[in-house]
Amino acid sequence: MTRRPSPSPVPLHFTEEVAEALDAGRPVVALESNVITHGLPYPDNAATARKVEQSVRGGGAVPATICIENGAIQVGMSDEDIERFASTPGIPKVSNRDMPVVLAGGGLGATTVASSLVAADLAGIAFFASAGIGGVHRGAQASMDISADLIQFTRSKVAVVCAGAKMILDLGLTLEYLETHGVPIVSYRSDDFPAFYCLTSGHRSPHRLDDDAVIARAIEAHWGLGNHSSFLITAPTRPEEAIDAGEVTTAIEQAIAAAERDGVTGQAVTKYLMRAVDAATSGRSAAANMAVLISCAEAAGRLATAHARYRA
Ligand code: PSU
Ligand code: MN
């Protein structure tokens with residue numbers, strides 16, 4: 001592990017490869033580790049995390065999976081780290097609000113989209129990839145359950161490549177929230193705002209761009225306008241790996257009702273709903289989940305490469 005000069009007193013530990021890439025201005029894509037510990041069961045989670053890293057490399061960029069360990073933010077995880085996070089039960093989900101406490105305590109922590117963005121911004125990594133961002137939950141009018149991911153987009157200067165937000169959420173309200181906060185959204189080679197492993201959420205995206213170089217210019221223009229916030233690029237999954245929204249609608253509604261009945265609240269809601277939908281679709285949604293993680297990582301690798309070229 002390498003230390004690079006950091007503007008923050010919080011220690012950032014980089015793998016050699018990530019430190020070298022950042023020093024040389026080569027493209028780097030940050031990735032979250034919560035999807036390893038909480039997104040998929042073992043051993044699919046370890047296999048998928050490795051494939052996701054390979055997909056980032058396939059696009060020409062260096063992957064930097066983020067986690068918390070020994071009171072430091074780790075920027076880049078070794079293969080052994082990934083295996084340990086994938087196979088150790090009980091590693092906590094660490095969102096932005098949890099970071100200081102887990103850092104002070106010295107234990108392990110798996111970073112969500114929100115906390116990974118905090119880390120990427122501190123580390124000077126311009127790109128982040130995740131399959132599905134958090135969003136405004138259905139019924140948020142009463143529960144006030146809005147993912148901290150959305151708030152962090154308004155604070156972290158990072159380009160985020162994702163396949164939209166998960167179908168379990170209220171995607172219309174999620175788009176409203178992002179519009180209110182001036183977070184740009186561009187659909188990559190598509191007209192629609194996707195819904196994770198579904199090709200469309202039924203909502204059109206505010207913008208469509210097809211050209212990697214134009215996307216790179218748009219990201220720099222956003223930051224050039226003085227915004228210290230994220231720029232969202234949605235890349236839909238491959239049609240042959242997509243799930244028809246109708247196929248999961250009933251499963252989602254039943255999962256939400258069950259979560260209410262079982263009194264599931266707060267941090268636990270997202271994982272509970274995802275697992276219930278996987279169970280109801282006999283694992284088909286888990287397979288589609290893996291596919292969309294990989295397609296987002298590929299797109300992020302390519303776009304980060306175009307962006308690094310534009311900046312050079
Ligand atoms: N995608 C998945 N499963 C997940 C997540 C994403 O398929 O568990 C995680 C991500 O880490 C995301 C988090 O940042 O869920 C959002 O959680 P919440 O809704 O509690 O903010
Ligand atoms: Mn929540």
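Student: Where is S282 found, and how do you know whether to call this residue buried or exposed?
Tutor: S282 is found in the loop between α12 and α13 (284-311). Burial is a count of other C-beta atoms, placed from the backbone, within 10 Å: 20 or more is buried, 12 or fewer is exposed, and in between is partly exposed. S282 has 9 C-beta neighbours inside 10 Å, so S282 counts as exposed. Its phi is positive, about 45 degrees, although S282 is not a glycine.

Student: What kind of model is this?
Tutor: It is a predicted model; local features need pLDDT of at least 70, side-chain atom pairs count only at pLDDT 80 or more, and totals for chains, interfaces and linings use all residues. Residues are numbered from 1 along each chain as its sequence is written, while chains are lettered from A and ligands numbered from 1 in the order in which they are written.

Student: Why is R189 called exposed?
Tutor: R189 has 12 C-beta neighbours inside 10 Å, so R189 counts as exposed. R189 is found in the loop between β10 (185-188) and β11 (192-195). R189 is not a glycine, yet has a positive phi of about 55 degrees.

Student: And what makes R138 partly exposed?
Tutor: The count for R138 is 17 C-beta neighbours inside 10 Å, and therefore R138 is partly exposed. R138 lies in the loop between β8 (127-129) and α7 (140-143). Leaving out residues up to four places away in sequence, R138 touches L169, D170 and I256. A contact puts two C-beta atoms, placed from the backbone, within 7 Å.

Student: Which residues cover the two faces of β10?
Tutor: I185 and S187 lie on one side, V186 and Y188 on the other, and all are buried.

Student: How do you know that β10 pairs with β14 (residues 231-234)?
Tutor: Pairing asks for at least two DSSP bridges between two strands. Three bridges join β10 to β14, and the two strands run parallel. I185 stands opposite L232 in β14. β10 also pairs with β13 (residues 208-209), in the parallel sense, over two bridges. There, Y188 has L209 as its bridge partner.

Student: Why is α6 (residues 113-123) called largely enclosed?
Tutor: Because 10 of its 11 residues are buried, α6 is largely enclosed by the rest of the structure. Among them are V113, L117 and A123. Just after α6, G124 takes a positive phi of about 75 degrees.

Student: How many residues surround ligand 1, and which are the closest?
Tutor: 19 residues surround ligand 1, and N34, T112, V113, G134 and S147 are the closest. The cut-off is a C-beta atom, placed from the backbone, within 6 Å of the ligand. The largest share of this shell, four residues, comes from α2.

Student: What describes the packing of α3 (residues 44-58) and α4 (residues 79-87)?
Tutor: An angle of about 145 degrees, with the axes 8 Å apart. Axes are lines fitted to C-alpha atoms over the stretch in contact, and angles run from 0 to 180 degrees between N-to-C directions. N45, A46, A49 and R50 in α3 meet I82, E83, A86 and S87 in α4.

Student: What joins Y42 and P43?
Tutor: A cis peptide bond, with omega about 5 degrees. P43 is in the loop between α2 and α3.
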